Amino acid sequence: MLELASWAPSLAHILQYKIPYACLLLVLPFVISRARNTTGDPYGSFHLSLNELPGENPDAPPKTEWLNMGYWKETDIFPEACLALALKLIGASRCKPASRVLDVGHGSGESLITLLTHPSAPTPSRLTGITSLPSHHARSKERIEALHLSDKTTLYLGDAVYRPGVSNHPLAPQSDVQYDAILALDCAYHFRTRDDFLRQSLAHLAPGGRIALADICIRLPWPSLSLTSRFLLTVLKIMHRQNCVSLEEYEIRMREMGYVDVKTEDVSNEVFPGFLRFLKSRGLGWYLFAKLMEINVPSLRFVIVSGARR
């Protein structure tokens, strides 16, 4: 899910990108709130409130802990939309029962639980997960242990992309573990970089194994985007610059890396409108965040992308 910037734009940036005053008014509350966050955790537990349903006890924790934008084709309920997007991604991975699955950027564990327990998800023989957020890692372990499923899971705390010197990582070159499916649900546009992640994942897919990503790309080549879009994408860290590619370039890069049977599906119309509508119903803060997103959505495509190792 889109993260908020951790620092306020400088005057030089504002002048360089000629940001409209209306845009700045929308951005300001969020950059200030992020600037006050000293934990380094871009998400924390804010998503729990989004999972609350009408009629539920407001003092009780929500029944789900989803953290994605959702697939809103047949629902207007946030947890249902999030589950629908997760199941669509699992379907794109062509995952079979008793597969070895790696779930990258799994939040506080809802996608892990879905893979292990949902009747529409083929139950893996081994499930591995990795998240960079300590709070999400701890919460995921707690939830998996409560379901008595720890014997089928291995959870890592770390960046999605392997860095030299890291000894304990599912995509480490020294690891001989291979996966039948690798999933990245609404997170790869944050990775530094997506290309590095895709290359490392290809090396750890079993022959015939498949990666599937619910991801964001840009509609036009970078030079053709408006100055406002470039500002929001890079200065406010919505996406890392290296990840700002068109869907066509995305597919070309995967093929050049060695992926075969690359498939892409643009689901923007089933994701963005429903998600923004939902956020606007959640109070002033979320309404403003939705208005901020609306400025940039015309420049973005939400896509399901998958590819296999030969």
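Which handedness, left-handed or right-handed, does the crossing of α7 and α9 have? The model is predicted, so local features need pLDDT of at least 70 and side-chain atom pairs count only at pLDDT 80 or more, while totals for chains, interfaces and linings use all residues. Residues are numbered from 1 along each chain as its sequence is written, and side-chain values use heavy atoms, with hydrogens and water left out.

Select helix α7 (residues 194-204) and helix α9 (residues 247-257), whose axes come within 10 Å and cross at roughly 35°; the crossing is right-handed, that is, the near helix is turned clockwise from the far one by less than a right angle. Helices (H or I, at least four residues) and strands (E, at least two) are DSSP runs numbered from the N terminus, and axes are lines fitted to C-alpha atoms, for helices over the stretch in contact, with angles from 0 to 180 degrees between N-to-C directions. The contact (heavy atoms within 4.5 Å) is made by R194, D195, L198, R199 and L202 of α7 with Y250, R253, M254 and M257 of α9.

Next, display the open sheet of seven strands, ordered β3-β2-β1-β4-β5-β7-β6 with mixed pairing, where two strands pair if DSSP finds at least two bridges between them. At its edges stand β3 (153-157) and β6 (260-266), each with a single partner strand, so one side of each lacks a neighbour in the sheet. From one strand to the next, the twist averages 15°.

Then pick strand β2 (residues 126-131), which runs parallel to β3 and is joined to it by five bridges; L127 has T153 of β3 as its bridge partner.
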